[in-house]
Each structure stands twice: as C-alpha cells, then as structure tokens.
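Welcome! Here is a short tour of one structure, taken a few places at a time. Please keep the sequence and the 3D view open as you read.

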Amino acid sequence: MKKAMGIKWGLLKIELTKDVSEITKAYRAELRKTNPEDDPEGFKELRAAYEAALEYAKEDEEENDNKTGIDRWIDSVEHIYKDFEKRIDENCWKDLLADSVCESIEDGETAFERLMTFLMDNFRLPQNVWKVLDARFDLQARHDELCEKWPSEFIDYVIVPGINNKELIPYYMFDPGKNADECDQLISLYCNAFSESDDNALDIIKKADGLSESHPYIKALKNYLIVQAKGAESEKALADQEKLYHSFLEDNCIRDRYIATLILNKDYAKCEALCKEIRAENKGDFSIISSLSEALVQQNKLEEAYDVIHDEVKLKEQPIEILAVLQKMKSDISDKILEDISVVKNDNNNEYYKNLVWYALSSSGDNYDKAREFAKHLDADTMDQFDYNYLMSALYSESKEYDKVVEYNEKIIEYIKSNKAVECMDETERKNRLVNIYCNQLMNYSLMKDMTQTEKYINLAISEFPDNDTIQICVIKAKMKMEDYEGARHVSEMMLKTNGLNIIGWYYLSVSAYGMWDDKTAFEAGFKLAQLLPNQPEGYILQLRVLARNNALERFEETIAYIKDIQIEIKDELLYFDTLLHEKDNLQKAFDEYLVLYDKIRDNLDSEDPFYIDELKSKLLECFDEKIKMLRRQGEGVEAAKECKRCCELLNVKLEDSPILSIYKQFSMWEEADAVIDLVIDSNDPESLYQRALLELSKGNGPKAQELYSRIITEYGLDKNDILHTHFMRLKGDLKAQKDFWKKKIKVLKKNDGDTLNAYVHLAFVSKCLGERLASAKYAKLAIKMSERRIANGTDYEPLYRNNLMLMDAILGNYELAETELIKLRNCQLCGMCEYSECKDSYIFEGLIEVLKHNYDKAREIFQYGQKRWPDDVDFYCYECEINSMGV
C-alpha cells in the first residue's frame with residue numbers, strides 16, 4: 001500500500017486500482033489532452049504515473065501468482081520486441097496474433113488496446129510487420145475510429161506510413177546478433193540526419209561511431225556527408241563509398257548514394273561510365289537516366305545528353321516519367337525534349353496531358369505557353385473534376401489571372417465540402433486540402449486588392465480552423481498586406497494563448513506591434529524570441545529595428561556587439577539595412593543598398609520568393625518615404641514630386657496611392673494638383689468631388705468648396721460620420737452642430753473599438769467655446785489622461801500628444817502651463833512621420849488657445865500665417881473662417 005501511495009493517481013484521474021485495463025483506459029484518455037511538444041514535462045509526468053501504476057498492478061499480480069492471459073500475452077509482445085531478430089520476423093508476430101487471447105471476443109479488444117499503448121513507445125517495426133498488424137486489426141480501415149481514441153499524430157505519422165511506406169533504413173540489413181537498443185538508436189540517428197540540414201546531419205550521424213552496431217545505409221550517408229564537407233577525410237570516405245557499393249551491388253539506395261557522391265565530388269567522367277554500365281543492363285531505370293544526363297551536361301556533352309533522353313522517349317513506355325530528368329537539364333535541351341514528348345501518343349490522354357501541364361509549369365524554362373497548349377487536350381467532362389480544377393487553378397496562377405484562380409478554387413472548395421469528397425478522402429487529407437485552398441484564396445484575393453473577399457476568407461478560415469498554425473500564419477500575412485496590424489497582432493496573440501512557446505507567434509507579434517508603433521511590445525516580443533532562439537538572428541534583429549527607430553544608438557551598438565560576441569551571422573541583407581534606415585546620416589546609403597538589391601532581381605521577379613519581394617519593396621518604399629519627407633522638410637517641393645513619381649514607376653505603385661497630391665498642395669502647385677485629380681480619379685466618381693472640395697479649401701476658396709460639398713450631399717450622399725462635414729461646419733461657425741457631430745462620432749468609435757482621443761480633444765474645445773464649462777472640463781481631463789498614457793508608453797507621435805495636453809491645459813484655465821508647453825513643443829524633435837520643418841500642429845493649437853483667451857485678432861494672424869506656410873492643411877483656413885462667421 002505504501003508503494004501505491006507514491007503513485008500520482010490524480011494525473012490519471014482515477015482512484016487506486018489494480019485493474020490494468022482501467023489504468024490503460026485512463027492513461028489513453030489523459031494522453032489525448034497532453035501534447036508532448038507543447039507540454040513535455042506534463043507528458044513525462046503522465047507517462048511516469050502510468051508506468052508506476054502498471055508496475056504496481058503487475059507486481060501485485062505476480063506476488064499472488066495471478067497474471068491474466070492478456071498480461072502474459074503483452075509480456076510476449078515485449079519479449080519479441082526486445083529481441084531484434086524476432087521483432088523483424090513477421091512469422092513471430094503472426095504466431096503471437098494467433099494466440100487465443102487475440103481470438104477471444106471477450107479479451108480481443110482489451111489485448112488490442114494494450115498492444116496500441118505498447119506500440120506508442122515501441123514503434124520501430126519494419127513494413128512487413130506493420131502489414132501483419134494491419135491485416136489482423138484493420139488499422140487503416142478503422143482510421144477515423146482510432147483517431148478518436150488515440151492521438152492522431154500516432155495514427156497518421158507512425159501507423160499509416162509504417163504500413164504503406166518502406167522503412168527509410170532496411171531493418172534486415174543490420175548485422176546478425178543485433179543489440180535491439182543500439183539498433184533503435186541507429187535508426188533514430190539515421191532518420192534525424194536524413195531530415196536535417198547537411199551540417200547538422202554530419203554531426204548527428206557521427207554519434208553512431210560510439211555504438212557497436214552498424215548499418216550500410218549509415219555508412220553510405222556518413223561517407224556522402226564527409227565528402228560534401230570537403231574535409232581531410234574526404235578521400236578516404238570516397239574510397240569507402242566505392243567499396244560499399246561493390247559490397248551491395250543489388251541495393252539501389254546504396255548505388256544511388258555512391259553516384260550522388262561522385263557527382264558531389266565532380267567526378268563526372270567516372271559517374272558517366274558507371275551510369276552507362278548500369279543502363280546497359282536496365283534501360284528503364286530513370287534515376288540512372290537522370291544522373292547520366294546530369295554528368296553529361298556538366299561535361300558540356302549536350303548533344304549526347306539529348307540523345308539519352310530522346311532514346312527513352314522513343315521507347316514510348318511511360319514517357320511522362322522522364323519529365324523529372326529535365327529538371328536538371330539546360331533549358332535549350334529541356335525545351336527540345338518537351339517537343340519530343342508532346343508528340344508521343346498515349347492511351348490515357350487526360351492523365352498524359354495532365355502530367356505534361358504539371359511539368360511545363362514546374363520546369364526551369366519558360367514553358368507556360370506549352371502548358372496552355374497541353375491543357376487544351378484535356379477533356380474536362382471525362383477528367384476527375386477535382387484534378388481538373390486544381391490543375392486549372394495552378395495554370396492561371398502562373399499567368400497571374402487571379403480572377404480565374406479564385407473561380408477554380410471556389411469549385412475545389414465546393415468539392416472538398418461535398419459528400420463525395422467525404423467518401424473519397426480521409427478526414428485528415430480533406431482538412432489539409434481545405435486549409436491549403438483557404439490560404440490560397442486569401443493570398444489571391446489580397447493580390448487582387450479585394451478586401452471584402454479577403455476579409456470573408458479570413459473569417460471563414462479562422463472560424464473553421466481556429467487553432468491551425470498554417471491558417472493563422474496565412475491570416476497574419478494577409479492582415480499585414482492589408483496593413484491591418486491590429487488584426488495581425490490579435491491572431492498572433494491567439495497563437496501564443498494556445499502555445500506560449502510558439503516562435504512564429506512571438507515573431508509576428510513583434511512585427512505587427514512594430515507596424516502599430518507599439519515599440520514597447522515589439523521590443524519585448526523580439527526579446528522573447530531571442531530567448532527561445534538564442535542562436536538565431538531573428539529575435540535580435542526585431543529588437544534592433546525598435547532601437548534604431550527610437551534612436552537608442554547606445555543600446556543598438558550594445559546589441560550588435562552581443563550578436564557578434566555570440567557569433568551569430570546576420571545573413572539577410574534586408575534586415576541588416578533596415579537598421580540603417582532610421583539613422584539619418586545613413587539614409588542615402590540604405591537607399592542605395594536597397595536599389596542595388598532590387599536591381600539584381602527586378603528582371604526575374606517571378607522566380608523570387610514573393611515574401612522576399614514584398615519585404616524588399618516595403619523597405620524601398622520606406623526609403624522613398626524618408627527621402628521625400630526630407631525634401632519636403634527642406635522646402636524642395638519639385639524634387640519631392642520627382643522622387644514620388646520615380647517611386648511609383650519603379651515599384652509599380654498607383655499614383656493615387658502616393659503622397660503626390662499632398663506634395664502639390666503643400667507647395668501651392670495648384671495646376672499640378674488639378675491634373676493629378678483629373679488623371680487618377682474618374683470625373684463621375686464622388687471621390688473626385690471630395691478631393692476637389694478639399695483642394696479648394698487648401699486654396700482658400702470657401703464658396704467653391706461649399707458648392708462641391710453641396711453636390712456631394714445632393715448627388716451621392718455622404719456618411720454622416722465623415723470628417724469632411726466638420727470643415728464646412730467651421731466655415732459656418734456652427735459650434736452646436738460640431739458638438740453633436742463629435743458626440744455621435746465618439747459613440748461610433750467606441751462601438752467599433754476605434755481611437756476616440758482626437759474626438760474628445762475637439763469636443764472639449766467646442767464645449768468650452770459654447771460656455772459649457774463642466775462638460776468641457778470632463779472631456780479635457782479624459783483627453784489628458786489618454787495623451788499622458790500614450791506618452792508614458794513611448795511613441796513616435798509625442799509632439800502630437802503634447803499639443804493635446806497644451807490645449808487641454810488652456811481649456812482648464814492653466815494658460816501659463818500651456819505657454820510653457822508651447823515653448824517646449826517648438827524646440828522638441830518632430831514626429832517621425834512629419835513632412836514639415838517644424839511642428840505645424842503647434843500653430844493650429846496656439847491659434848485655438850488665443851480663441852479661448854478671446855484674442856481673436858491674434859488667432860486670425862496665426863491662422864493666416866499657417867495658410868501661407870502650410871496650404872495643404874485646411875484647418876488653418878477653416879478656423880479663420882469660423883472666427884469670422886462667429887462675428888468676432
């Protein structure tokens with residue numbers, strides 16, 4: 001009893017028991033709630049509690065010499081598994097499964113459950129044994145049922161591949177008299193090295209040197225990796241590889257590894273001779289054709305390489321299989337071979353031309369036109385509709401006909417959700433396909449700039465797959481493309497709520513917070529990422545971006561020094577130059593570096609990673625913005641406009657999406673501003689009237705602006721919450737209408753989680769002008785609290801919030817404090833996004849304070865000065881008109 005009390009029965013959610021079946025059932029139930037990757041310690045504790053409980057139950061049974069038949073049967077399972085030769089002998093397992101325990105109706109299911117529990121930790125079985133288990137227990141046919149009882153990862157990534165795929169490393173090739181534990185270690189090392197990058201793979205595979213057991217596949221992989229590393233042992237490894245090949249002439253994997261080693265060592269002549277020798281005996285071996293073709297091409301024997309492929313085409317036996325070979329061929333040969341293949345007749349035209357289309361789309365040459373020609377031979381009526389729609393979606397995606405892509409994707413989604421798909425696809429495959437197609441739709445609609453459909457698929461994807469990482473990442477990227485940084489941040493926080501160690505979640509939280517100018521969160525998330533990935537650059541770079549933007553040069557240099565000290569190399573030029581961007585002395589250098597990078601790839605954009613292109617364009621846009629901003633601050637309006645046009649032309653940005661109109665207005669270039677509105681906006685579009693109304697206000701032409709405003713209201717209507725209304729309320733001096741407008745605006749903003757600060761500032765001022773002392777004080781205090789909180793959190797817009805504080809102090813009667821704040825404002829650093837040489841808003845707010853003090857002539861003087869200096873800001877003109885309309 002004392003031993004039983006040491007067992008954590010609470011983890012298994014059962015009372016003390018000696019019933020092995022109950023213990024197993026409880027363990028399986030809790031296991032479904034505990035993910036080993038998310039909670040490794042929790043998993044270990046659960047497993048320890050389960051093993052201790054089983055040991056307690058078994059020992060108790062042994063003491064009483066009362067083992068059940070199932071217990072003795074599981075002992076036999078363990079005995080076979082621990083003896084490696086018996087483990088890989090399918091006859092041993094057949095005998096085991098023929099035991100009366102398995103055949104018993106009463107005990108059969110319990111035996112199966114105990115076996116499954118055992119196999120979760122002991123799954124290193126060859127394919128022939130998995131097939132025996134499948135034949136006895138119908139493992140594949142019971143897939144969905146098993147996934148409900150056992151972790152789907154165990155079913156989908158252990159059992160199903162075990163039955164259908166040959167083992168990565170043949171078990172029968174281990175030396176006789178095998179040590180089971182060491183064999184398992186070798187298998188694990190080989191699988192890990194096989195899936196790792198080359199540098200890490202060599203380190204992993206060398207761990208096998210300390211084991212007494214060996215395997216020819218381990219030796220072949222190690223030799224290959226040593227030759228690739230080009231170290232002192234390369235020659236010996238190459239010689240060992242050749243000996244290994246001659247020792248296992250019948251094994252194609254060792255043969256192919258030897259040929260790959262020859263190519264790696266650039267021993268093309270020897271590779272050619274070996275491949276020709278093998279090909280003479282077996283002409284249909286396409287891996288040999290591929291290696292032979294590559295060896296010939298590398299020796300510039302292009303005609304002979306062509307003849308090798310051409311001979312295979314003439315065989316007319318599954319000619320489509322040789323398409324993979326063309327991936328390694330130079331484009332001129334590749335195109336020539338493609339022409340040969342296209343004339344070979346095939347009984348299954350749909351299957352044949354479908355494969356041709358796929359190859360033409362994926363080949364290195366420019367074969368899109370050929371792909372379209374091949375697609376014309378497809379018979380859509382007789383072809384599988386899923387295959388056809390999937391192929392056409394890919395075809396139109398290549399030509400960037402996104403409207404066609406989304407059309408075919410809709411058909412794919414309709415099929416995947418149909419009853420037919422439920423019957424034909426297992427649930428995992430169906431979900432995976434749906435996830436992929438949702439992501440594809442998101443990407444295409446965002447490329448089409450159809451925000452309505454993009455938002456629709458964002459909501460659809462998140463509602464159906466709220467915890468799917470692929471969906472969440474795709475949604476974040478779409479939100480970032482839409483510049484909805486708040487939405488991207490929300491999804492990142494969702495990811496981290498599910499898994500606080502999710503490195504992708506921390507990365508995008510930092511990036512989205514950076515886009516929101518929440519530098520505190522951006523820095524903290526970057527710091528967390530650096531803790532999770534201490535030997536990778538991403539977390540440190542995210543911190544550098546924030547430090548650079550805030551001119552924290554000392555911390556910036558300290559971080560750079562630390563990165564160098566721990567020997568992390570920042571390989572990505574984009575991320576490195578981003579740190580230069582906000583150092584004013586290096587703006588031109590950063591700009592030049594980005595242009596060099598863009599020039600390298602601009603002629604071949606389609607072959608580049610689209611996210612790399614987006615990032616590079618984004619960085620170039622930042623540089624252009626900084627340069628244009630600098631020119632505007634220096635009063636160089638013509639040069640700023642030239643740079644703006646150059647940016648639009650180079651990066652394919654629409655003129656209406658650029659700051660060109662505000663540049664022309666800032667420098668009173670009225671003819672150019674008129675021409676831009678004519679050029680980019682249809683005269684029948686209400687947006688044209690809207691922009692012209694603002695332009696007339698900038699010119700100081702109130703009557704003309706009023707006429708255009710009236711037309712907008714009469715002909716098209718205007719959202720009652722549109723800020724344009726307030727400009728014309730000021731022209732009339734209608735303070736009450738302004739008060740009503742801002743009160744309604746605050747309600748709308750609160751309902752939609754919008755920013756209410758600016759509305760409270762206006763409401764406080766208007767209420768004060770109306771003599772509503774208590775109301776204005778209430779709104780002013782709210783605005784002060786919000787502004788101070790933002791300043792405390794750190795922001796690039798501090799001057800703007802200090803303007804708010806200055807005006808609110810005046811509203812509360814603290815004029816001396818307001819004047820002191822004004823002096824500070826005129827001497828402080830400008831907002832990061834400011835296009836002017838000094839704080840324009842400080843003059844607007846100074847004028848408003850003079851209004852509160854009833855110094856109307858002084859206020860007029862300030863507003864008139866502002867009109868001349870900053871004609872693009874209509875507030876100066878509107879406030880002057882308001883004073884005149886009020887008769888003061």
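## Before we start

Helices (H or I, at least four residues) and strands (E, at least two) are DSSP runs, numbered from the N terminus. This is a predicted model, in which local features need pLDDT of at least 70, side-chain atom pairs count only at pLDDT 80 or more, and totals for chains, interfaces and linings use all residues. Residues are numbered from 1 along each chain as its sequence is written, and side-chain values use heavy atoms, with hydrogens and water left out.

## A threonine in helix α9

Let us begin with T117, which is found in helix α9. Its relative accessible area is 2%, so T117 is buried (buried means under 20% relative accessible area, exposed over 50%, partly exposed in between, with a 1.4 Å probe and protein chains only).

What does T117 touch, leaving aside its neighbours within four places in sequence? The residues in contact with T117 are T24, Y27, Y50 and W150, where contact means heavy atoms within 4.5 Å.

Rolling a probe the size of a water molecule over the atoms shows where empty space is left. On a 1 Å grid over the protein atoms alone, a pocket is an open set of points where a 1.4 Å probe fits, with protein on both sides within 12 Å along at least five of seven lines; lining residues have an atom within 4 Å of a point. Grid points are joined across faces, edges and corners, and a volume is the space filled by probe spheres set on the points.

The second largest pocket has a volume of about 1400 Å³. It is lined by 34 residues, and those closest to its centre are P151, S152, E153, F154 and Y157. Two or more lining residues come from each of α9 (108-121), α11 (143-149), α12 (152-164) and α28 (427-447). The largest share, six residues, belongs to α12. By type, the lining has 14 nonpolar, eight polar and 12 charged residues (Ala, Val, Leu, Ile, Met, Phe, Trp, Tyr, Cys and Pro count as nonpolar, Asp, Glu, Lys and Arg as charged, and the others, Gly among them, as polar).

## An enclosed helix

Now find helix α34, residues 538-549. With 11 of its 12 residues buried, α34 is largely enclosed by the rest of the structure. Among the buried residues are Y540, Q543, R545 and R549. The 12 residues of α34 should span 16 Å at 1.5 Å a residue, and the end C-alpha atoms are 17 Å apart, which agrees; the expected span is 1.5 Å times one less than the number of residues.

## Positive phi angles

Most residues other than glycine have a negative phi. Just after α34, N551 takes a positive phi of about 55°. K266, not a glycine, has a positive phi of about 60°. K266 sits in the loop between α17 (252-264) and α18 (268-281), and at 60% relative accessibility it counts as exposed. W517, also not a glycine, has a positive phi of about 65°, and its place is in the loop between α32 (503-515) and α33 (519-532).

G702 lies in helix α43 (residues 702-716) and, at 7% relative accessibility, counts as buried. Although G702 and L731 are 29 residues apart in sequence, their C-alpha atoms are 7.6 Å apart in space.

Our last stop is S776, in helix α47 (residues 773-793). Is S776 buried or exposed? S776 is buried, with a relative accessible area of 1%. Beyond its neighbours within four places in sequence, S776 is in contact with A764, S767, K768 and I811.
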